[in-house]
Amino acid sequence: MSENLDKSHINEAGESKPDSEQGLEGALERSDEALQKKVKSDSPSPQRVGRPHSSPPRLVTVEELLETAKGVTNMALAHEIVVNGDFRINAVELAEGSLEKRVKEIVHKAFWDCLSVQLSEDPPTYDHAIKLVGEIKETLLSFLLPGHTRLRDQITEVLDLDLIKQEAENGALDIAKLAEFIIGMMGTLCAPARDEEVKKLKDIKEIVPLFRAIFSVLDLMKVDMANFAITSIRPHLMQQSVEYERKKFQEVLEKQPNSLDFVTQWLEEASNDLLTQKCKHALPAGGGAAGSGDAAVLSPASVQNYAYLKLLKWDHFRRPFPETVLMDQSRFQELQLQLEQLVILGSVLLVTLSTAAPGISGHADFAEKLKMTVKILLTDMRLPSFRLEDALTSIGEKVCLEVSGCLSLCGSPPFSINKEAALKGQVQALASPDDPIRRIVESRVFTFLETHLASGHQKLLPTVPGGLGPIQKELEEVAVKFVRLVNYNKMVFCPYYDAILGKLLLRS
């Protein structure tokens, strides 16, 4: 079934590659504008398929647009946290030599110079220093959990700003002692990964460099705390995010009633493809009528699953992406690229191991070593300048060298010139999407994904099809990402899909 995923292309005009950060509504508008410009071009094509007819979007105020944009931005952030298990907040790193970095350095230098001047006065002036202690106090308190009563009391008592001001006025303030307490508290509250940075603070003896270093480490601790909070709330955020995204999409839909047009096309296309396949398979050998009236009955779940598989073979440059998966378009593109690499990798390994199997059967590590070699040569596959034909030529040469080396180590007969030429030819032939080996591997890869998707929320992965054993680990990793993405999308948009498929399947 998976072999036909890319055979029913609709020549949609326009080009839409929005990022999730730009929001769903803006992406919808850009898709629509690009499509309309193309439709109005002077050279119409009879193959062009326009956007389905629907109610025109109603006029909205600027305030409504701003409110919706803010909601969609929040929705994108919540979506990112839930879907991306590796989502982390990173400390901001300004580009070297950039205007922002220079301005920041100048402002910070002026501030710390001012503090240095105040502390060098006789008697010292502690106004800036006390403000810094107040900021540090608030930061340390923000790291505490509700149960940290003793630590809260300690921080509040030692970093009592009123008392510190009185000590400063009376010439009894010991800044070094305060810094020692602050460093000790930071060591108590920091993540293990920050122990070394906190330890280094104890070696700084001058007050101004010490305070500067303390704030630098506190900034890192803030990032750590934010990431800890994200990890903690992710399970609780799931259901809330589903409801929130659905609500926000409904708001977009009310402002733009045509916001499900591409979704409808996508599901209808999947339904028609499946129906065609089922009818074809239901025909008896003589080509007569179908043997069973139920053979062509489609279930909404099967159509949805097949539609999601089609997204892994999508033409992102020619076809607008369905509205309900726009925020995940970059993720589907990444999965699509990973699968393309896996298909080529699996095909090369299948061809090589089949050709040289008798001589290398006793060398257990050969397949893994060969896999790593081919993966390296396919690393640039995501670059526009990458040419698969050239890469496969290099891979063919490298594969033959690896096989010859392995045969020599095993004491097997050397690889003949004819076999070497045949292997290089088979590897180079994989550049064609119609190559039989490549098609078989691709079909089995998509069958595995389809089976895993149909298995629902079962934790055990299905058995990997024959011939894909060498790429099992990579394939399972892609499958887990794909199914997690699909299942979350189903949770959010299932009511819309059910409504659309209810009408489509009644007509079929």
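Biologist: What makes Ala-78 count as buried?

Modeller: This is a predicted model, and in it Ala-78 has a relative accessibility of 13%. Buried means under 20%, so Ala-78 qualifies. The residue belongs to helix α2, which covers residues 62-83.

Biologist: Which residues is Ala-78 in contact with, leaving aside its neighbours within four places in sequence?

Modeller: Those would be Leu-237 and Ser-241. Arg-234 also comes in here: its C-alpha is 9.2 Å from that of Ala-78, although the two are 156 residues apart in sequence.

Biologist: Then why is Ala-301 called partly exposed?

Modeller: Its relative accessibility is 44%. Buried needs under 20% and exposed needs over 50%, so Ala-301 falls in between and counts as partly exposed. Ala-301 is in helix α11, residues 300-310.

Biologist: On to the rings. What makes the pair of Phe-249 and Tyr-496 edge-to-face?

Modeller: There are 12 aromatic pairs in total. For Phe-249 and Tyr-496, the centres are 5.3 Å apart and the planes are at 75 degrees. Pairing asks for centres within 6.5 Å, and edge-to-face asks for an angle over 60 degrees, so this pair is edge-to-face.

Biologist: Why does that pair tie together parts that are 247 residues apart in sequence?

Modeller: Because Phe-249 lies in helix α9 (residues 207-255) and Tyr-496 lies in helix α17 (residues 472-507). Phe-249 is buried at 0% relative accessibility, and Tyr-496 is buried too, at 11%.

Biologist: How do you know that Trp-314 and Phe-321 are edge-to-face?

Modeller: Their ring centres are 5.7 Å apart and their planes are at 85 degrees, so the pair is edge-to-face. Both Trp-314 and Phe-321 are buried.

Biologist: Which residues do ring pairs link into a cluster?

Modeller: Phe-249, Trp-266, Tyr-308, Phe-493, Tyr-496 and Tyr-497.

Biologist: Now the helix packing. Why are α16 and α17 called oblique?

Modeller: Their axes cross at roughly 45 degrees and come within 10 Å. Roughly parallel needs an angle under 35 degrees, and roughly perpendicular starts at 65, so α16 and α17 are oblique to each other. The crossing is right-handed.

Biologist: Which residues meet where α16 and α17 are in contact?

Modeller: On the α16 side they are Val-445, Phe-448, Leu-449, His-452 and Leu-453. They meet Leu-475, Glu-476, Ala-479, Val-480, Phe-482, Val-483 and Val-486 of α17.

Biologist: And what makes α7 and α9 roughly parallel?

Modeller: The axes of α7 (residues 175-189) and α9 cross at roughly 20 degrees and come within 11 Å. The cut-off for roughly parallel is under 35 degrees, so α7 is roughly parallel to α9. Among the residues making the contact are Ala-176, Ile-183 and Met-186 of α7, along with Leu-210, Phe-211 and Met-221 of α9. This crossing is left-handed.

Biologist: How do you know that α4 and α6 are roughly antiparallel?

Modeller: Their axes cross at roughly 160 degrees and come within 11 Å. Anything over 145 degrees counts as roughly antiparallel, so α4 and α6 get that label. The contact is made by Ile-130, Val-133 and Gly-134 of α4, and by Leu-161, Ile-164, Lys-165 and Ala-168 of α6. α4 passes α6 in a right-handed crossing.

Biologist: One last thing: what is the peptide bond from Asp-122 to Pro-123, cis or trans?

Modeller: That bond is cis, with omega near 0 degrees. Most peptide bonds are trans. Pro-123 lies in the loop between α3 (99-120) and α4 (127-142).

Terms used. Residues numbered from 1 in each chain as written. Predicted model: local features only at pLDDT ≥ 70, side-chain atom pairs only at ≥ 80, totals over all residues. Heavy atoms only, no water. Phe/Tyr/Trp six-rings, centres within 6.5 Å; stacked < 30°, edge-to-face > 60°. Helix = DSSP H or I, 4+ residues; strand = E, 2+ residues; numbered from the N terminus. Buried < 20%, exposed > 50% of the residue type's maximum accessible area, 1.4 Å probe, protein only. Axes fitted to C-alpha atoms, helices over the stretch in contact; angles between N-to-C directions. Parallel < 35°, antiparallel > 145°, perpendicular 65-115°, else oblique. Left-handed = near helix turned anticlockwise from the far one by under 90°. Contact = heavy atoms within 4.5 Å.
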